[in-house]
Amino acid sequence: MANCQYGCDEVKGEIRCRCPSPGLQLGPDRRTCVDVLMNSCNFDHGMCGWTQEKESGIHWERVPAPSGRSWYLTILGSNDKPRETAHLVLALGQVPHPGNLCVTFKHKLSGDSVGKIQVFVKKNGKYGHVLWERNRGHNWRTSRFTLKGPGLESIIFKGVREWKTGEISLDDISLQNGHCSGKTLRQW
């Protein structure tokens with residue numbers, strides 16, 4: 001009999017442990033379940049551990065959605081200075097399972113020449129090159145990609161605002177242990 005944390009199933013004559021919810025998966029010992037979700041934030045109740053980089057000239061602002069029922073982050077455009085940047089950072093600290101991470105998020109860039117959103121990581125003490133970038137898209141879109149571990153220290157979303165008016169927005173950012181399932185844009 002297998003010594004499984006939440007019970008087991010027999011599959012093709014083999015005993016397999018099971019986890020009671022989609023947010024859990026079997027850990028390295030194949031008997032206990034570990035949390036798949038490392039961080040998930042829809043910004044409805046705050047910043048969920050995400051911080052603003054102090055050196056940034058502008059900042060991501062938490063604003064209510066037009067419906068009034070939810071919140072998201074945005075960089076509002078203006079005609080002040082060109083190419084101002086805002087950095088949103090999640091320090092990963094001591095990741096319990098230093099493997100791959102699936103990053104999923106929603107983004108929107110509305111307005112003419114509003115700017116761009118970029119994603120970077122800090123890995124083994126160094127900032128890497130741009131892993132993902134978008135500079136247009138008037139409606140909300142969802143993107144996801146796999147970050148390869150170990151050594152991941154932080155994830156950085158960089159908003160670069162251009163001269164023109166418009167809005168650069170982020171919402172529903174989640175990080176899960178493991179590879180992204182389904183259609184994955186890229187792996188880094």
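Q: How many aromatic pairs does a search of the whole structure find?
A: The search of the whole structure returns five aromatic pairs. Rings of Phe, Tyr and Trp (its six-membered ring) pair if their centres lie within 6.5 Å; planes under 30 degrees apart count as stacked, over 60 as edge-to-face and the rest as tilted. This is a predicted model, in which local features need pLDDT of at least 70, side-chain atom pairs count only at pLDDT 80 or more, and totals for chains, interfaces and linings use all residues. Residues are numbered from 1 along each chain as its sequence is written, and side-chain values use heavy atoms, with hydrogens and water left out.

Q: What makes Trp50 and Phe157 an aromatic pair, and which class of geometry applies?
A: Their ring centres are 5.6 Å apart, and the limit for a pair is 6.5 Å.

Q: Why does the pair of Trp50 and Phe157 tie together parts that are apart in sequence?
A: Trp50 lies in the loop between strand S5 (37–41) and strand S6 (51–52), whereas Phe157 lies in strand S15, so the pair links parts 107 residues apart in sequence. Strands (E, at least two residues) and helices (H or I, at least four) are DSSP runs, numbered from the N terminus.

Q: Are Trp50 and Phe157 buried or exposed?
A: Trp50 and Phe157 are both buried. Buried means under 20% relative accessible area, exposed over 50%, and partly exposed in between (1.4 Å probe, protein chains only).

Q: What makes the pair of Phe105 and Phe145 edge-to-face?
A: The centres of Phe105 and Phe145 are 6.1 Å apart, with 80° between the planes; the angle is over 60 degrees, so the term edge-to-face applies. Phe105 belongs to strand S10 and Phe145 to strand S14, so this pair joins parts 40 residues apart in sequence.

Q: Why are Phe105 and Phe145 called buried?
A: Phe105 has a relative accessible area of 1%, so it counts as buried. Phe145 is at 0%, so it also counts as buried.

Q: Which residues form one aromatic cluster?
A: The cluster consists of Trp50, Phe105, Trp132, Phe145 and Phe157.

Q: What makes a set of residues a nonpolar core, and which members touch the most others here?
A: A nonpolar core is a set of buried Ala, Val, Leu, Ile, Met, Phe, Trp, Tyr and Cys residues joined through side-chain atoms within 4.5 Å. The largest nonpolar core has 30 residues, of which Trp50, Phe105, Leu147, Ile155, Phe157, Ile173 and Leu175 touch the most other members. Among the strands that each supply at least two residues of this core are S10 (101–110), S14 (137–147), S15 (152–161) and S16 (167–177).

Q: How do you know that the charged end of Arg62 sits over the ring of Trp71?
A: The definition asks for NZ of Lys or CZ of Arg within 6 Å of the ring centre and within 35 degrees of the ring normal. The charged end of Arg62 is 4.2 Å from the centre of the Trp71 ring and sits over it.

Q: Why is S1 said to pair with S2?
A: Two strands pair if DSSP finds at least two bridges between them. Four bridges join S1 (residues 8–11) to S2 (residues 14–17), and the strands run antiparallel. Val11 has Glu14 as its bridge partner, and Asp9 has Arg16. The two strands form a hairpin with two residues between them, and Lys12 in the turn has a positive phi of about 50°.

Q: What is phi of Phe43, and what is phi of Cys48?
A: Phi of Phe43 is near 65°, a positive value in a residue other than glycine. Phi of Cys48 is near 55°, also positive. Most residues other than glycine have a negative phi. Phe43 is found in the loop between S5 and S6, and Cys48 lies in that loop as well.

Q: Why is Phe43 called buried and Cys48 partly exposed?
A: Phe43 has a relative accessible area of 0%, so it is buried. Cys48 is at 37%, between 20% and 50%, so it counts as partly exposed.

Q: Which residues does Gly178 touch?
A: Not counting residues up to four places away in sequence, Gly178 touches Asn100, Leu101, Cys102 and Thr146; contact means heavy atoms within 4.5 Å. Gly178 is found in the loop between S16 and strand S17 (186–187).
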